[in-house]
Structures are given as structure tokens and as C-alpha cells.
Amino acid sequence: MKICMIGTGYVGLVVGACFAEMGHQVICVDNNPAKIASLQNGQVPIYEPGLEQLVERNVEAGRLSFSLDLIESVGHSQFIFIAVGTPPAEDGSADLTYVMNAVRQIGASLNHYAVIITKSTVPIGSSEMIRGVIRAELERRGMSDLTFDIVSNPEFLREGAAVGDFLHPNRIVVGTDNERALQYMKELYLPLTSLGYPLIQMDIASAELAKYASNAMLATRISFMNEMAGICESVGADIERVRQGMELDHRIGSYFLSAGVGYGGSCFPKDVRAIIQSASERNVPTHILEAVDKVNHQQKKKLYEMVRSHFGDNISQLRVAVWGLSFKPETDDIREAPSIETIELLRQRGVVIQAHDPVALQNAYQALGEQNMVYYSDPYQALMDADALLLFTEWKQYRAADLKRVKSLLKQPVVFDGRNLFDPERMKEAGFVYQSIGRT
Ligand SMILES: NC(=O)C1=CN([C@@H]2O[C@H](COP(=O)(O)OP(=O)(O)OC[C@H]3O[C@@H](n4cnc5c(N)ncnc54)[C@H](O)[C@@H]3O)[C@@H](O)[C@H]2O)C=CC1
Ligand SMILES: O=C(O)[C@H]1O[C@H](OP(=O)(O)OP(=O)(O)OC[C@H]2O[C@@H](n3ccc(=O)[nH]c3=O)[C@H](O)[C@@H]2O)[C@H](O)[C@@H](O)[C@@H]1O
């Protein structure tokens, strides 16, 4: 099958490479010349375990290529995926500018039957809007007879585990009102469904909402546990024990119950806000989702508040070490990362930050620059003469840290742990002032 993937960002690249791995012919298109040039030179611009090898193997096999030319790529494809970004607009709604630009270009170049598929996360009704724009473009070109189908096929992969998530999905959601498009989609996903992975068909609006509802449910679980962590702190309970007491209940399960320093990334924060906005436009109340968002905002300030309450109001002379800048391990993505927001707050008050991350230093440097920032490629060097260590991301190497060395390098043995990596008793015995989330 021939696929055109419009948008070679995170999702477009992973999904495009995976479809190629499944035996399809894929052209990944982007309007960013630097990105396409680097991919054409064999360089993968994002950090994602396993992706580089996957891209290399499929390029070599002649199944995967990269192009700036959307018109030509659309012309050769039976499946046209829209995988461009849908960032938050000022009011929290999903900004569809990139989607609509891509759609207009599809409408201006389509010359044969194709299935047009939204992979981007888009608000309910967007797929119908896309259908309208393409129809209008075809009419303008005097090609109203040309048929095409619209499908919503939301993506559920996680950064850091993206390749495995796509090739071993819990479910493949296909929203369509059309039998022909459904058959096309079934054929496309046959390499996965033949292994037993389920493909669920539904109407387009339900597919669009299934994506938002899934992210919102996971975000809700996290904010719920963060709220419980606050209660734990006030009554002397331990959130890790509370979690253990919950997760063996099969009805609850163990996933997404880790309290921490709040959820970040390019999706949970924006998608929760987008669904709130979309519901409010229809006068539908969203009490739960608003609370989820609010709890997360507060939680992201947690380590900042620990610094303030430990060191008092005058923190302008402090140097603090930060371990972990990415919004979670195994990625270099720092979008809406709790670390970045906290660093901004601390810098505004004159604190100097000594930062380490195994892969996100470059992205952090681009976002934060040099003011009050020192970047280290060695985590232990980042500790030297620091008044405290703030831990934001549960990278494996931090979990395995040599705590004696940590203590000897810090100016003051103070650790604020946003991911509950260490045992509070052991930390206290080792002479640390140690604060974590939901544990006293
Ligand atoms: N990042 C993730 O883990 C996941 C993201 N999603 C959704 O997938 C969508 C894409 O997300 P990301 O890949 O993270 O975004 P991204 O920002 O990394 O990539 C978007 C790409 O689209 C390109 N682009 C924009 N307009 C274009 C046009 N007219 N023609 C060609 N290329 C164009 C940009 O240059 C960029 O490379 C979003 O809606 C997101 O919510 C869904 C599941 C997972
Ligand atoms: O729509 C999307 O883009 C994707 O969003 C999330 O994936 P991702 O943002 O890559 O990362 P997650 O592993 O879900 O983590 C999100 C945030 O929640 C935090 N988290 C996660 C789990 C947990 O128990 N506690 C917790 O605080 C993480 O630290 C991270 O900051 C979803 O898990 C994917 O299914 C979805 O496709």
C-alpha cells in the first residue's frame, strides 16, 4: 500500500517508519527543509529508542523516503495521513492552522481516489470540517466528481516507547462512516490485526473523542494520585503504600498511579485543556477535567514550594542542581516539562541552576538559554557546591545514583525528589534532608 504521511514530526516519523516496517511504501512529507534534509542524510532529528535503526533499515529497503513535495507525494498515495501538530491556542483550544493548511494543499493536489486520515489529535467535528474543505477545493478545481473518504485514526503511542506501542497496540481505532474506507483501513493494518491486535470501527466523532477521553482519563488518574499525595503528607501516610493498596484491585489496575511533580509533555496538558474548551463551546460542564488541570498546575510548583519552605523567602543567593529536564525518561522532549516551569520560577528569583539530563540538554539550552543556567553532561559535576538537588525525571541512572558521592558533592545535603526515587528512611539515615511526594 502507498502512504503519504504529512508532518514528519514525532508522530509522523514514528508512524511512517512503522508502516514501512509493516511492508508498506511510505513517503514522509514535511514543510521544514532542515528536517527533511537531515532525514535524507540519514539523521533522525529526535531521540526515541529504536527509531534510528527502524528508519535506517526501511530507507535501505526502499520502503521509506522523505520529501518536501506534498503535491507529488499525495499524487502517488492511496492513504494520506495528516500528522501535523495541533498546539494549544491562547484560549486552550486546539489550534488547527497546520491541519487546515495541509488539508487545503491536499485538496489542491488530489487527482485520484484516496483515504484521507487524521492521525493528529483533533477536536470533535474536525474530520467533517476537513471533508468540507477538500470538497470545496475540488469544486474550485472543477473536479467535484472525484471521490475520497475521510477517516479518523487517532494515535495512542507514548514517547520513549513509541515504536513498540505502535507495532504492539492495545487497540487500533478507526472512525469512519464508509464501508470502502473501512476495508482500506483493514488492509492497511492487516500486518497487525493478523497478529491479534484489535481494530475497532466506530463513527468519526466517537473516534475523535476516544483519543481525548483516553488522554484525559490517564491525566485524571495522575492528578487524583497527586491529590491523594497531598492528603498523605498531611496525615503522615505514604502514597507509595497507598498505591500498592489500590493497584492489586483488578478494577483499578497499576498503570498511571504514580504521584509526582505533575504531568507534562506535548499531549496531556494540551489535550485536557482542549477538551475543556471544546465542551465549554457547547455549554457542557467539565468539572472533573477542570480539577485535573488545576491540580496539575499546583503539582508542577511542588519542588519550587519545597525550596521556598526550606530556604525561606530570600533564595537569590542559592545554586541548585537539577537532575532531569525532559518531561519523562527516554525522551529529549521538554514540552510543558515540570522542570522547565520550576527553573523559570527559580531563575526569576536569582537562583543559579546547575542542570543535567542524559539527552535533553540541547533542547533545554534552546528553551532556557544561558541566564543563570549552567549545563553539565556529568550528573555528579552538576552537584558541585549546590545548596540542594531537585529531581524531576526518573531516569534509571538517577535511581542508581551513588548517594555517598551525591552527599559529598552537594554544599548542603538537601534533596527534593519529585519522583520518589529513594527510600525516605535510608535518605535520612544517610544524613540527607529529603523531601519527596506524598511521603513524610
Ligand atoms: N507526540 C506524541 O507522543 C503524540 C502526538 N499525537 C498528536 O499527533 C500530532 C503531531 O504531534 P507531534 O508529532 O508531536 O508534532 P510535531 O510538532 O513534532 O510535528 C509536526 C510536524 O508537522 C510539520 N508540518 C506542519 N505543517 C505542515 C504542512 N503543511 N506540511 C507538511 N508538514 C507540516 C512540522 O514541520 C512538524 O515537523 C498532534 O496532534 C499530537 O497531539 C498523538 C499521539 C502521540
Ligand atoms: O497523545 C499523546 O501524545 C500521548 O500522550 C501520552 O504519552 P506521553 O505524553 O508520551 O507520556 P506518558 O507516559 O503518558 O506520560 C505523560 C506525563 O505523565 C506523567 N506520569 C505518568 C504516569 C504516572 O503514573 N504518573 C505521572 O506523573 C509523566 O511523568 C509524564 O510527564 C499517552 O500515554 C499516550 O497514550 C498518548 O498517545
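Predicted model: local features only at pLDDT ≥ 70, side-chain atom pairs only at ≥ 80, totals over all residues.

Domain bounds here come from an automatic or database domain assignment. With those bounds, I get domain 1 (2–202), domain 2 (212–298) and domain 3 (301–435). The centres of domain 1 and domain 2, taken over C-alpha atoms, are 30 Å apart.

Residues are numbered from 1 along each chain as its sequence is written, while chains are lettered from A and ligands numbered from 1 in the order in which they are written.

**Domain contact.** I call two residues in contact if their C-beta atoms, placed from the backbone, lie within 7 Å. By that rule, 11 residues of domain 1 touch 9 residues of domain 2. On the domain 1 side I count 6 nonpolar, 3 polar and 2 charged residues. (Ala, Val, Leu, Ile, Met, Phe, Trp, Tyr, Cys and Pro count as nonpolar, Asp, Glu, Lys and Arg as charged, and the others, Gly among them, as polar.)

**Ligand 2.** Where does ligand 2 lie? Domain 1 (2–202) and domain 2 (212–298) both give residues to its shell, so ligand 2 lies between them. I took a residue as near if its C-beta atom, placed from the backbone, lies within 6 Å. That gives 20 residues, with Glu 159, Ser 258, Tyr 263, Gly 265 and Cys 267 coming nearest. By class, the ligand 2 shell has 10 nonpolar, 6 polar and 4 charged residues. Helix H10 (residues 204–235) gives the largest share of it, 3 residues. (Helices, H or I of at least four residues, and strands, E of at least two, are DSSP runs numbered from the N terminus.)

**Ligand 1.** I find 27 residues around ligand 1, the closest being Gly 7, Gly 9, Tyr 10, Gly 85 and Ser 120. Its shell divides into 11 nonpolar, 12 polar and 4 charged residues.

**Helix H8.** Buried means 20 or more other C-beta atoms within 10 Å of a residue's own, exposed means 12 or fewer, and partly exposed is in between, with C-beta atoms placed from the backbone. In H8 (residues 179–188), Ala 181, Tyr 184, Met 185 and Leu 188 are buried. They cover an arc of only 95° around the axis (directions from the helix axis to the C-beta atoms), which puts them on the same side of H8. The face turned away carries the exposed Glu 179 and Gln 183.
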